[in-house]
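Dear colleague,

Please find the structure below, handed over for your review.

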Amino acid sequence: MTDLRAAHEPANDRRIRRIAIVGGGTAGWMAASTLARALGGQVSIALIESAEIGTVGVGEATIPPILDFLRMLGIDRNNFVEQTQATYKLGIGFRDWLRPGHQYWHPFGLFGTPINRLPFYHYWHKAKAQGLAPTVNLFSLETALAESNRFIFPQNTLGIAQDLRYALHFDAVLVARYLRGFAEHLGVTRLERKVTGATQRDDGFIDELVFDNGERLRADLYIDCSGFRGLLIEETLKAGYEDWSGYLPCDRAVALPTEIQGPRPPYTLSTARPAGWQWRIPLQHRVGNGYVYCSSHISDEAAHADLLSVLGQQPLADPRFLRFVTGRRKLFWNKNCVALGLASGFLEPLESTSIHLVASGLYCLLDHFPDRSFDEANVAHYNRQIIEEFDRVRDFIVLHYCATERSDSPLWQYCRTMAIPDSLAERIELYRGTGRIFQRQHELFTDLSWFFILDGLGIEPRDYNPLVDTVDFAQVKGLLGQLSGNVAAAVAAAPSHDSFFMAGAPQRRAAR
Ligand SMILES: Cc1cc2nc3c(=O)[nH]c(=O)nc-3n(C[C@H](O)[C@H](O)[C@H](O)COP(=O)(O)OP(=O)(O)OC[C@H]3O[C@@H](n4cnc5c(N)ncnc54)[C@H](O)[C@@H]3O)c2cc1C
């Protein structure tokens with residue numbers, strides 16, 4: 001048996017000394033890198049992966065906290081962008097979600113400016129109530145840049161670009177390879193093995209991993225990054241799964257890469273289709289495309305044919321079909337096992353949240369880092385925090401579907417009338433009644449993100465916030481003119497997004 005325990009370890013030592021990570025996809029290598037970085041030489045870390053089983057190989061769009069994750073690891077962003085064929089992302093463009101022909105944006109970054117402590121969207125509501133027809137691109141730099149296929153980094157000087165926010169699109173396979181190199185450099189041991197199961201102690205804790213070659217491996221803490229099946233968290237520990245397919249009925253996807261044609265847009269494009277939606281993610285060396293669909297309304301063959309027909313291009317590889325059930329584990333941490341990535345649950349990639357949820361789970365694990373007594377209150381607190389985060393992301397994604405006006409196919413007819421979580425219904429009602437949005441504790445998406453989707457999908461408050469009337473609206477209109485002028489000037493001076501990926505463009509590298 002392989003035992004990661006150090007020879008000199010005292011018998012009464014309660015510290016975690018050995019961690020085994022099962023799975024070498026994005027989640028597994030993110031976990032290995034983070035734990036190796038945070039725990040230094042205190043702990044031996046082994047990662048077990050099986051080339052025969054492979055990874056899902058998708059997961060190419062991120063949200064801005066990915067940059068904090070790289071910073072936390074001490075990874076040079078420019079090097080990461082080069083090695084993973086990454087491009088920059090300013091937000092998501094949604095097409096045909098409200099009705100065919102309609103488009104709206106979920107940009108990162110600021111929207112206008114708060115006035116008298118009130119978020120800008122309250123003034124936006126009043127402007128609309130007064131018959132003005134403002135557009136988001138006038139007050140969101142990220143949207144205006146995205147619409148013109150331009151990009152800039154946040155600027156160190158005062159001005160509108162100071163608070164610009166962006167994320168990355170990257171090649172998932174190259175990311176796993178990059179993080180593997182990083183983690184191995186920090187001393188993580190990689191074992192190429194197939195795990196056939198795990199033995200348990202009398203108290204139900206995992207005792208040892210069992211490999212197909214008969215070897216075994218014992219650790220104190222097990223991280224399950226084994227993908228959808230949840231080899232440890234579900235197959236061994238039976239954590240249970242909360243199924244959300246009633247709210248989010250899409251359960252399949254087909255992915256197809258294509259060659260780059262035309263400029264690379266600095267945003268993810270999400271286009272609603274009769275039985276689901278299509279993604280388009282531009283990378284430096286290719287475009288990632290996929291169709292997320294509902295198997296009760298379209299077959300795999302028809303979804304593949306539909307995607308091919310809208311792409312109108314020869315794909316660069318064979319289609320990759322994926323199956324999933326939207327939902328989450330009832331427990332993310334059970335006994336001495338913590339699940340991350342697809343092993344912990346799956347929310348469809350509409351808002352590019354899965355990779356972030358891996359990072360968030362890792363930060364939370366470090367905040368709750370156990371010893372070998374695995375204090376129950378500590379574990380329960382971790383679970384509550386992660387459950388809250390998953391549930392709020394679920395609500396955010398359900399909003400994109402339930403507010404549609406589409407009735408042109410069985411999927412959209414279902415979404416218009418389906419029951420939604422109470423927590424989401426309350427939030428929509430509060431917005432309709434007052435225009436107010438409150439960000440909850442441990443919630444990933446801010447009030448602004450909620451605003452962009454609510455407003456984008458045509459949900460209007462019955463009245464605007466009465467406090468808006470305490471400010472002279474003529475002055476507000478003057479400020480609006482100034483803000484939109486600043487946005488337009490910054491966009492006019494910005495280089496094309498493509499220019500960042502031309503050879504010999506060092507001035508295009510991120511300063512921070
Ligand atoms: C269609 C689709 C699109 C997505 N798009 C996005 C996106 O745009 N943005 C985003 O943030 N996320 C996205 N995701 C989610 C993202 O792909 C995953 O969160 C991420 O790739 C992490 O996957 P993973 O590492 O948990 O699982 P996997 O990639 O499935 O890795 C599992 C690992 O476990 C190993 N393994 C399994 N069983 C065994 C065994 N018995 N023995 C040894 N090893 C084993 C495998 O070899 C593999 O290394 C998407 C997911 C899907 C399905």
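Two strands are said to pair if DSSP finds at least two bridges between them. Please note that the model is a predicted one.

The sheet

With that criterion, strand E14 pairs with strand E17: seven bridges join the two, which run antiparallel. Within this pair, Ala 255 stands opposite Gly 290 in E17. E14 also pairs with E18, again in the antiparallel sense, over four bridges, and here Ala 253 faces Leu 322 of E18 as its opposite residue.

These strands belong to an open sheet of seven strands, ordered E6-E5-E15-E16-E17-E14-E18, with mixed pairing. Strand E6 (103-107) and strand E18 (320-323) stand at the edges; each has a single partner strand, so one side of each is left without a neighbour in the sheet. From one strand to the next, the twist averages 20°. In general, the strands of a sheet pair through backbone hydrogen bonds, either parallel or antiparallel.

Ile 92 stands opposite His 106 in E6.

Is E14 buried or exposed? Seven of its seven residues are buried, so E14 is largely enclosed by the rest of the structure. Both of its faces are covered: Arg 252, Val 254, Leu 256 and Thr 258 are buried on one side, and Ala 253, Ala 255 and Pro 257 are buried on the other.

Helices on the sheet

Helix H13 (residues 447-456) lies across E5 and E6 and runs at about 175° to E6.

The helix pair H1 and H6

The axes of helix H1 (residues 26-39) and helix H6 (residues 172-185) come within 9 Å and cross at roughly 25°. Angles under 35 degrees count as roughly parallel, and H1 and H6 are therefore roughly parallel to each other. H1 passes H6 in a left-handed crossing.

On the H1 side, the contact is made by Thr 26, Trp 29, Met 30, Ala 32, Ser 33 and Arg 37. On the H6 side, the residues are Ala 172, Val 175, Ala 176, Leu 179, Arg 180, Phe 182, Ala 183 and Glu 184. By class, this contact of H1 with H6 has nine nonpolar, two polar and three charged residues.

Yours sincerely

How values were computed: Residues are numbered from 1 along each chain as its sequence is written. This is a predicted model: local features need pLDDT of at least 70, side-chain atom pairs count only at pLDDT 80 or more; totals for chains, interfaces and linings use all residues. Side-chain values use heavy atoms; hydrogens and water are left out. Axes are lines fitted to C-alpha atoms, for helices over the stretch in contact, and angles run from 0 to 180 degrees between N-to-C directions. Angles under 35 degrees count as roughly parallel, over 145 as roughly antiparallel, 65 to 115 as roughly perpendicular and the rest as oblique. A crossing is left-handed if the near helix is turned anticlockwise from the far one by less than a right angle, and right-handed if clockwise. Contact means heavy atoms within 4.5 Å. Ala, Val, Leu, Ile, Met, Phe, Trp, Tyr, Cys and Pro count as nonpolar, Asp, Glu, Lys and Arg as charged, and the others, Gly among them, as polar. Buried means under 20% relative accessible area, exposed over 50%, partly exposed in between (1.4 Å probe, protein chains only).
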